[in-house]
Structure formats: structure tokens, C-alpha cells
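I opened this entry to look up the confidence, the fold elements and the surface of one protein chain. My notes follow the order in which I checked them.

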Amino acid sequence: MSKVVRARVRAMVDALRGLRGGREDAGMVTSEYAVGIVAAAGFALLLYKVVTSGQVSAALHSIVKRALDAGM
């Protein structure tokens, strides 16, 4: 990258930092963690329900059975 392009990119980044008031976010706050945990738990529950359903369970059983019965 040329020096001119690098200088322009650095100037744009500095300008954007100025728009945020120079505030650096160190990470998520507690409420964001809580929402993330609830979303992850909901997704895990949904995935569990799908995997343990009759059709998916039978398909997984079939795949594992074929893999174990395959000759090497």
C-alpha cells in the first residue's frame, strides 16, 4: 500500500474515531451478555428439538449404521 493511501486511510479512521467522541468500547455490557446467552440457549433448544425429532433421528441413525457397516 502506498504512503498516500495509508495516510488517507489513517485520516479516515481518525475522523471516524472523532465522530464517536473518542470513546473506545472495551467489550459488551452485562445486558448484551444476557441477550447473547438467551439467544444461544434458544438456538440450542431449537437444535435439540430438531435433532431428536423422529425423522432426523432416523436419518442420523441410518448414516451412522451405514458408516459402521462400511468395509475398509
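pLDDT is the predictor's confidence in each residue, on a scale from 0 to 100. I need that term at the outset, as this is a predicted model.

Next I listed the elements. The protein chain has three helices and zero strands, and from the N terminus on they run α-α-α. I then compared their confidence. Helix α2, residues 30-51, has the highest mean pLDDT of the elements, at 92. The lowest mean, 79, belongs to helix α1, residues 3-19.

What share of the 72 residues counts as buried? I noted 0%.

I also looked up a nonpolar surface patch of about 640 Å². Its members are F43, L46, L47, V50, V51, L60 and I63. Helices α2 and α3 (54-69) each supply at least two of the patch residues. The largest share, five residues, comes from α2.

V51 counts as partly exposed because its relative accessibility is 36%, between the cut-offs of 20% for buried and 50% for exposed.

Technical notes:
Residues are numbered from 1 along each chain as its sequence is written. This is a predicted model: local features need pLDDT of at least 70, side-chain atom pairs count only at pLDDT 80 or more; totals for chains, interfaces and linings use all residues. Side-chain values use heavy atoms; hydrogens and water are left out. Helices (H or I, at least four residues) and strands (E, at least two) are DSSP runs, numbered from the N terminus. Buried means under 20% relative accessible area, exposed over 50%, partly exposed in between (1.4 Å probe, protein chains only). Patches are made of residues with over 30% relative accessible area and no salt bridge: like charges are joined within 9 Å, nonpolar side chains (Val, Leu, Ile, Met, Phe, Trp, Tyr) within 5 Å. Accessible areas come from the Shrake-Rupley method with a 1.4 Å probe; for residues, only the protein chains shown count as cover. A salt bridge is a side-chain nitrogen of Lys or Arg within 4 Å of a carboxyl oxygen of Asp or Glu.
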